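Please consult the sequence and structure shown here.

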Amino acid sequence: MATLSLKDVRKSYGRTEVVHGVSIDVADGEFVVIVGPSGCGKSTLLRMVAGLEEISAGLIEIGGKVVNRLEPRARDIAMVFQNYALYPHMSVFDNMAYGLRIAGIRGEDLKARVAKAAAMLDLAALLDRKPRQLSGGQRQRVAMGRALVRNPAVFLFDEPLSNLDAKLRVSMRLQIKELQRSVGITSIYVTHDQVEAMTLADRLIVMNAGVAEQIDTPMALYTRPANIFVAGFIGSPAMNMIVGEVGGARRGVVLNGGREIALPKTKLPPAGTQIVLGIRPEHVKLATGKPDLALTVAAVETLGADALAHCRLEGDVKGRENEFVVRLPGFTRVAAGDALSLSFDKRAVHLFDRASGNRLADV
Amino acid sequence: MAEGMVGTSRRSIATGHLLLILGCVIVAFPIWYVTVASTHSLRTILNPPLPMLPGPEAYANYFDAFTGSITRIGGVSVERLLVNTTIVALGIAIGKIIISMASAYAIVFFRFPLRMACFWLIFITLMLPVEVRIMPTYKVMVDLGLIDTYAGLILPLIASATATLLFRQFFMTIPNELFEAARVDGAGPWRFFKDILLPLSATNIAALFVILFIYGWTQYLWPLLVTNSSSMNTIVIALRKMISFADADTPWNLVMVTSVLAILPPVLIVVLMQRWFVKGLVETEK
């Protein structure tokens, strides 16, 4: 167990920089998830912590010790790979024991440690099997066991659940969370799945194009996204974005279509500011009084508990589809072609500067 | 694969078998003929036609071969020739496997300057058969004093672009994560090679061993050049030396015995390693 700290860590291949300076202090036992679209540099960052990629600039410290130039084995880390990377010719026991054997642990001590990890992951009955005789979920657990058995200072996970089917992914997610809690090992977990990220993380790093856009708790990211990227990335379905301008007769926000939405005056930026208004599908409801927005339904997705009404919107944000999604209670009867009168939960409206994409004052 | 077959009717099965049997007969006939000839006396062989069935002289011929009446051919016993050939064939097969695995390992798993240049250098030697470089190689062997030694017989034939290429292709199918997982587990390059790569290559090695052993066993031109003393001859060379131009001087019955003895070890290798051989060609454990 140890703290982990990254100080302005950068990675470049030749002249192209792909990770543009990420800094974070991870507390002992904390579970940090790095999330972002593919190609954002999240795996590269993790592999730099592991020692599988060279660090171009910046410092990585594990337990207060700079590890920049250390080989993976000297960093006291363990890693779970996306495709598990189990040794195909070794039994489950040998797979888990390999690292320990190299570390010079033999005999009863070795057996006891493997048995303990196997018991935690419900692998005791599978110790003699070869990886090819195991199901995907079992292989995944062996990969976890191989990391766990070494009792490292830091756990690294590189999209460990992406090869599993949806149901198994949910149960493994819970299992990983429980396991991490119980052993209390500092963990870094990379995923592109924002649901996985939200449920697992103590804190999240949202990455985009090599930049850490925001580092915060899942709820803080959801309620106060720092910019348009984070706002659009966290939450499913994604936040609706409408382009507009501060002003109008009632000092609210004038949307591109000329429609005006009244917002509490106190925290609005100066009139004339070009903004993007964000509102999550779950914070829009059918208007009872005067509507904020009237739209026509293009398609409906019925999910049981909810119904998602997809509407069209004029004007858009930087190439984003000009779609406006409303999450309605499952029993609501809507169909394509219906006209909806909608009202916003004003406390859940987000305002972003249109030019910079950054969050403006809170509403 | 059933739909890929030409047909499954009774007639096409019969035709298929007929063709296969015909092929077997054509391939097997010379071997049968040699075996039969090795069981007749010289007189019978020299009076055509040669009988198609084994004769009564088998014991006498083989006894002769082993107790030395062919020692007049260079004064070397059959055992010595067989031992020589075994050492050479094993040396070539094992040496080739070690060298080509090592070079393929370096090319696939290590990043070093001129890596691709090295690969292409190895690769283009595929275009140069032994015969092309035989004179310079001979000169080198003379300078090193390796004429009439096992090293001289084995070393020049060890470097193999083909085997390197085969191992390279196989190593490239091994996921990089496996290498990284081993690194995280604390295995250095040597440990990874020994604990992971070698066991995974077992079937490939077996298949290659069979091919290379036979390649080494049947070498003719190079052993002929590099050995002067009869005691260092391989069995193929000795066979050639037993046959003199005047037909009557050649002890054909003993030539046939020696031929059979020369064929047996490669056949044994193939039969014993057949299961591994096929496994190595068709499946990979991953």
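## An antiparallel sheet in chain A

S15(A) and strand S19 (residues 339-344) of chain A form an antiparallel pair with 3 bridges. Within this pair, A:Lys285 lies opposite A:Ser343 of S19(A). Strands (E, at least two residues) and helices (H or I, at least four residues) are DSSP runs numbered from the N terminus, and two strands pair if DSSP finds at least two bridges between them.

The open sheet has 5 strands in the order S15-S19-S16-S17-S18 (chain A), paired in the antiparallel sense. Because strand S15 (284-286) and strand S18 (323-329) of chain A are at the edges with a single partner strand each, one side of each has no neighbour in the sheet.

## Basis of the model

This is a predicted model, in which local features need pLDDT of at least 70 and side-chain atom pairs count only at pLDDT 80 or more, while totals for chains, interfaces and linings use all residues. Residues are numbered from 1 along each chain as its sequence is written, and chains are lettered from A and ligands numbered from 1 in the order in which they are written.

## Chain A overall

Chain A contains 8 helices and 20 strands. Its C-alpha atoms fill a box of roughly 80 × 45 × 35 Å along the principal axes.

## Contact between chains A and B

In chain B, 16 residues are in contact (C-beta atoms, placed from the backbone, within 7 Å) with 17 residues of chain A. Helix H9 (176-184) and helix H10 (189-200) of chain B each supply at least two residues of the side touching chain A. The largest share of that side, 6 residues, comes from H9(B).

Definitions and conventions:
Two residues are in contact if their C-beta atoms, placed from the backbone, lie within 7 Å.
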